[in-house]
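Subject: Structure for you to look at

Hello,

Here is the structure I promised to pass on. Please open it and keep it beside you as you read. My notes follow below.

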Amino acid sequence: MTPRSSLPFAAAFVALLTVLLVTFNHQKPRLLVLQSYSESGTWERAVDSGIQRELTRNLRPLRTRWHYMSFSEESMRINWDTAAQHSRSVIDTWRPDVLVAIGEEAQQYVGRHYAGRTDLRIVYGIGEDPASFGYADAANVTGVRETLPLAQIVELLRYVKGPALRIRALGVDDPTGRAERQQVQEFDWGPHRLAGVQLVADYPAWQEAVRAAAADADVLLVLSSKGLMREEGGGQAVSDRELSYWTEHESALPAIGVRDSFVAAGGALAVVPSPEALGEQLARQALAALAGARRGGPLPPPQDSVDFQISLRPERLAARGIQLPTIYEQAARASHTLYLEGAEAQPR
Amino acid sequence: MQAFIAAALRRHPLFASCTPLELSRLLSGTQRLQFAAEAELFEAGANADFYYWILEGEAELLAPDGDTRWQLQAGRGFGAEVFADMPRRLVTARAAGPLTVLRIGRAVLRELAAAHPELKSAALVELAAGLGQVAAPAAAGVEHQSAAALSRRQRIGWLATMTLPLAAYEAALYGGLPQYSSIYLGLFTMAALMWLFALVDEYVPPLIAIVAMLFIELVPARVALSGFYSRAFLLLLGVYALATVMVTSGLAYRTMLWTLLRIPDRPFWHRGALTVFGFVLSIVMPPSNARLALLLPLYREMDSSLGARAHSREASALMIATFTGATLFSPLLLTAKSANLAAFMMLPAQVRTEFQGIYWLVAAAVVAIGLTGAHLLAMRFLFQPRRSRPLPRERIVGQLATLGPLGRAEWVAGIAFLVFLAGAALPQWHQSQTAWLAALMLVALLALGALDKKGFQSLDWPIIFFLLSLDGFTEALNYLGLREVLIGAIGTSLDWINGQLGWFVLLALLVTSLLRLAMPITAGMVLSATLLLPIGTAQGIHPWIVVFLTSLFSDIWFLPHQNSAYGQAVAGGLRQRCDNALFMRYSWTLNGLRVLLAYASIPYWRWLGLY
């Protein structure tokens, strides 16, 4: 027990320490990471992991908070208006210096409302053109556009079927699907040719599109399929496993995904924008934005994502008679996305 | 005779609930005395140093007024003022006829009363009953003492602690350091000032620092609490549990008594025994304060039995032997010093594996042989008594008889100690790490009931938290890149070392001694190791040598405030019984010897391939 005579000094010290610490915490820059979906999502977890890895390297004192617009991956029907209201309430009460908004929904329902503000900087992580959210003229917005590794897919096609192929892309009719469609359509596919991009609203339409693709294409490009409804007009979403397995086994064409979940759930091959690398890139942008947030320093310029990874299921590739150079298999092994025989959902 | 006294003590209602270990210790401070009729045992107003228990005859107590008197018969006690911390006798006591009593010393009773508060209450009731026959003297009234005023030094310390860390923070920012480094420097300054001015207990400053770092998220929890995540936590718990059980089971005390009976009954052997006890305790008892606490009662018993004149060379030699026995071996074994365990965790994994067993002692052999040899030679030749007095062997036999056969807890403690000793020395037999072996001993002691809930609560948690907090505090230094800042700041200024161990020893001596001027041993050593390890690594010095040198040099002390064990020895009667100037001269000589032996180790370390 502190001697009674030194109690006033000790009390003054404790009070001073408490005041200093609390004041310091109030003055620390704040970073809010807003994800469109839930923290249990595979892609979201990978992005978060990248962000955290980069933040660990940062030694500047910083207050960080994560917010997810959906509570779980199993929330099939997200009430986006309610989720947006809640997210905006978090922003308005917590008052971050920088908002890292990830996914199209996070921009559409939340981020765009803060474009042009002087008290908040936005770092987006999206596949769609940022201009579609009103970010083009906003002085407080920067970010990373997630670009599909289409050039790397073209490189890969030479081992799949032949020198000049017809490609049909299939995705879900939602903001993510539309963003991916935009990239696919704007890409120069030469020497191959894009036969078309089809976005569907439900599982029956997806199945029909897969069957029909064989009529005018040589390769099926499977875009993001998360959230595809089982029935027309609503109901539950189809699971990754069912959708990927069915697509891989029923498609007459070799199917190449752009998300790891396609191969993890039964597909043969995917060339995927690396979510962890995207997270790291976003965190670097956010820290740069944060550095000058309070004194009005310059924002870092927007960037495109640059890193990608390969996901492989050798058993399915063999079934289709596709043989890739071993470097692809080693790349997949290095990124823990090599799915060996019997592994339906667990990467090895 | 001793058996008779032991039996009489067992029958005493006050001591009925004592364990054999406590009775054995009580026996060391108990004498059977006979008084002729009319002999005066003590006088009112005299110092209260003994409690009396009438075996035969009658005692007469007289109030200071000279009129009130009453008799006490066999089976009654008097002189209970000793329990009340009352320095003076309230009454005079005489033998009403031939009187035989047991006389029990105040020191052993105070130790006993600390463990048995009910004993103190019962004695006070006895005292109150006696006082009912007389009017309580005014002098015996309770004095209300005001709390001791805060010293000027402490006032300055608190004011400095509230201002200088902020100044250090601002200065660091001004000097171009990043904010996170400046905050750390502010917290470091705070901790150093609190240590320097002894404002709070030693373990508090690093705890404040890591809580502050966590509160503002300066470093992640895995860094600030790295000590609590690490193997050090279980290693400390295991070692401290073993130490606790060794003491509470009575095994340590029994072993010391047993050894005293078997060594030649000459002064050199008495002192040598205290040194050897210190060495054996060092194996499982990291804090030298704990070892000294265990050795001091034995010292008091030996000192009172040998009856050397106060401040004589013989009396001084016994205290020096006790103090040196408790402190000399600290740098020589991994488990002999709390800071060794903390610094051990900073070593690379390969070095930890190599030095976790007996190899630490092997590598420290030159210092171990040099220090022990010099100390034993000094004990043999420098402190010759005028006449040799024997130990009270009969009493020791009686104490051992009172302890009875080895109890279950002693068996468990003994086996656990031997298993740990063998496992630490020869890790190849269990194919695991010393930390996990210590943890295994901990759970074994818990499962076998040798360490019950109360015993577990009585572990030295402050020192455990202190070490683990220090670990986090130093880990934060690395995490925030301050180690690199330090190396960068040093730049080429240490190029004169040029990988030469001789120069590095000098640097280690300077850094450790300077830090130790302000810091206690544990903090001083850990911070020295933190600062010197990167420098040593850059100079190609083996990391263990760096840690060992900081451990060895952190034991160097000149001023009383630098060594808490010295304060403990003073409280244990150093100044009453020992020539303080002689004691200090001896300590300073050992300081010089430590430096010489560090240099003498260089060829040996080269031979071992460590340099």
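**One histidine and its contacts**

Leaving aside neighbours within four places in sequence, B:His311 is in contact with B:Ser316, B:Cys578 and B:Asp579. Please keep in mind that this is a predicted model. Where does B:His311 sit? Its place is the loop between α13 (288-306) and α14 (313-327) of chain B.

Now look along the chain. B:His311 and B:Leu582 are 271 residues apart in chain B. Their C-alpha atoms are separated by 9.2 Å.

**Two helices in chain A**

Two packed helices are described by the angle between their axes and the distance between the axes. Take helix α2 (residues 42-57) and helix α10 (residues 275-291), both of chain A. They pack at an angle of about 45°. Their axes are 7 Å apart. That angle makes α2(A) oblique to α10(A). The crossing of the two helices is right-handed.

Which residues make the contact? From α2(A), they include A:Trp43, A:Val47, A:Ile51 and A:Leu55. From α10(A), they include A:Leu278, A:Leu282 and A:Ala283. By class, the contact of α2(A) with α10(A) has 10 nonpolar, three polar and six charged residues.

**Strands in chain B**

Start with strand β4 (residues 59-62) of chain B. Four bridges join β4(B) to strand β5 (residues 69-72) of chain B. The two strands run antiparallel. B:Glu60 stands opposite B:Gln71 in β5(B). The hairpin of β4(B) and β5(B) has six residues between the strands. In this hairpin, B:Gly66 takes a positive phi near 85°.

β4(B) has another partner, strand β7 (residues 92-95) of chain B. Four bridges join β4(B) to β7(B), and these strands run antiparallel. Here B:Ala59 stands opposite B:Ala95.

**Where chain B touches chain A**

How many residues does each chain bring to the contact? Chain B gives 18 residues, and chain A gives 16 residues. On the side of chain B that touches chain A, α5 (152-174), α6 (179-196) and α7 (204-215) each supply at least two residues. The largest share of that side, four residues, comes from α5(B). By class, the residues on this side of chain B divide into 13 nonpolar, four polar and one charged.

Best wishes

Terms used
Residues are numbered from 1 along each chain as its sequence is written. Chains are lettered from A and ligands numbered from 1 in the order in which they are written. This is a predicted model: local features need pLDDT of at least 70, side-chain atom pairs count only at pLDDT 80 or more; totals for chains, interfaces and linings use all residues. Two residues are in contact if their C-beta atoms, placed from the backbone, lie within 7 Å. Axes are lines fitted to C-alpha atoms, for helices over the stretch in contact, and angles run from 0 to 180 degrees between N-to-C directions. Angles under 35 degrees count as roughly parallel, over 145 as roughly antiparallel, 65 to 115 as roughly perpendicular and the rest as oblique. A crossing is left-handed if the near helix is turned anticlockwise from the far one by less than a right angle, and right-handed if clockwise. Ala, Val, Leu, Ile, Met, Phe, Trp, Tyr, Cys and Pro count as nonpolar, Asp, Glu, Lys and Arg as charged, and the others, Gly among them, as polar. Two strands pair if DSSP finds at least two bridges between them.
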